Amino acid sequence: MTDPIADYLTRIRNAIKAGHKVVKIPASNLKKDITKILYDKGYILSYKYDDDGVQGNIKIALKYHPGSNLSTIKALERISRPGLRKYASVNELPRVLNGLGIAILSTSKGVMTDKEARKEKIGGEVLCYVY
């Protein structure tokens, strides 16, 4: 697999389109950090790490609006790819839907949202947009 983050986002996107409640994804430290951000910002219901084997898995419970089949995640968009990395300084950090969505960045101080990176006054690699 050449792009594990794109695979992570695609698995979540496909599970939402199929109406699944839970999605199981192979784990890595970066994927765990992204999952924690999605949980903290209210995009997913819960998550759990399973260490059954060398790599382990992440089980993510998807969040839907009450009484409907609409997910809280409207779109997951991969920005920086292995073939074309996208970096942003603190002055160039993107705003997703004028602040309604989040941009997830990989910085020198760890994985964080665009709002947290502005507070820390650091830039980094723009991994994905979530809204």
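How many bridges pair E2 with strand E3, and in which sense do the two strands run? In this predicted model, E2 and E3 (residues 57-62) pair over 6 bridges in the antiparallel sense. Within this pairing, Lys48 has Lys59 of E3 as its bridge partner.

The two strands belong to an open sheet of 3 strands, ordered E1-E3-E2, with antiparallel pairing. At the edges are strand E1 (22-26) and strand E2 (44-50), each of which pairs on one side only. From one strand to the next, the twist averages 20 degrees.

Two helices pack on this sheet. Helix H1 (residues 4-18) touches E1 and E3, and the direction of H1 makes about 165 degrees with that of E1. Helix H2 (residues 29-40) touches E1, E2 and E3, and the direction of H2 makes about 155 degrees with that of E2.

A separate pairing lies further along the sequence. Strand E6 (residues 102-107) and strand E7 (residues 110-113) run antiparallel and are joined by 4 bridges. E6 and E7 form a hairpin, with 2 residues between them. Ile104 stands opposite Thr113 in E7.

The aromatic side chains are the next topic. A pair of aromatic rings is described by the distance of the centres and the angle of the planes. A search of the whole structure finds 2 aromatic pairs. In one of them, the ring centres of Tyr39 and Tyr47 are 5.3 Å apart and the planes stand at 75 degrees, so the pair is edge-to-face; the cut-off for that class is over 60 degrees. In the other, Tyr47 and Tyr49 have ring centres 5.5 Å apart and planes at 55 degrees, so this pair counts as tilted.

For Tyr47 the relative accessible area is 25%, so Tyr47 is partly exposed. Tyr49, at 34% relative accessibility, is likewise classed as partly exposed. The band that applies here runs between the limits for buried, under 20%, and exposed, over 50%.

Lys32 lies over the face of Tyr49, at 4.9 Å from the ring centre. Tyr49 thus has Lys32 over its face and also takes part in the tilted pair with Tyr47.

Note on methods:
Residues are numbered from 1 along each chain as its sequence is written. This is a predicted model: local features need pLDDT of at least 70, side-chain atom pairs count only at pLDDT 80 or more; totals for chains, interfaces and linings use all residues. Side-chain values use heavy atoms; hydrogens and water are left out. Rings of Phe, Tyr and Trp (its six-membered ring) pair if their centres lie within 6.5 Å; planes under 30 degrees apart count as stacked, over 60 as edge-to-face and the rest as tilted. Buried means under 20% relative accessible area, exposed over 50%, partly exposed in between (1.4 Å probe, protein chains only). A charge sits over a ring if NZ of Lys or CZ of Arg is within 6 Å of the ring centre and within 35 degrees of the ring normal. Two strands pair if DSSP finds at least two bridges between them. Axes are lines fitted to C-alpha atoms, for helices over the stretch in contact, and angles run from 0 to 180 degrees between N-to-C directions. Contact means heavy atoms within 4.5 Å.
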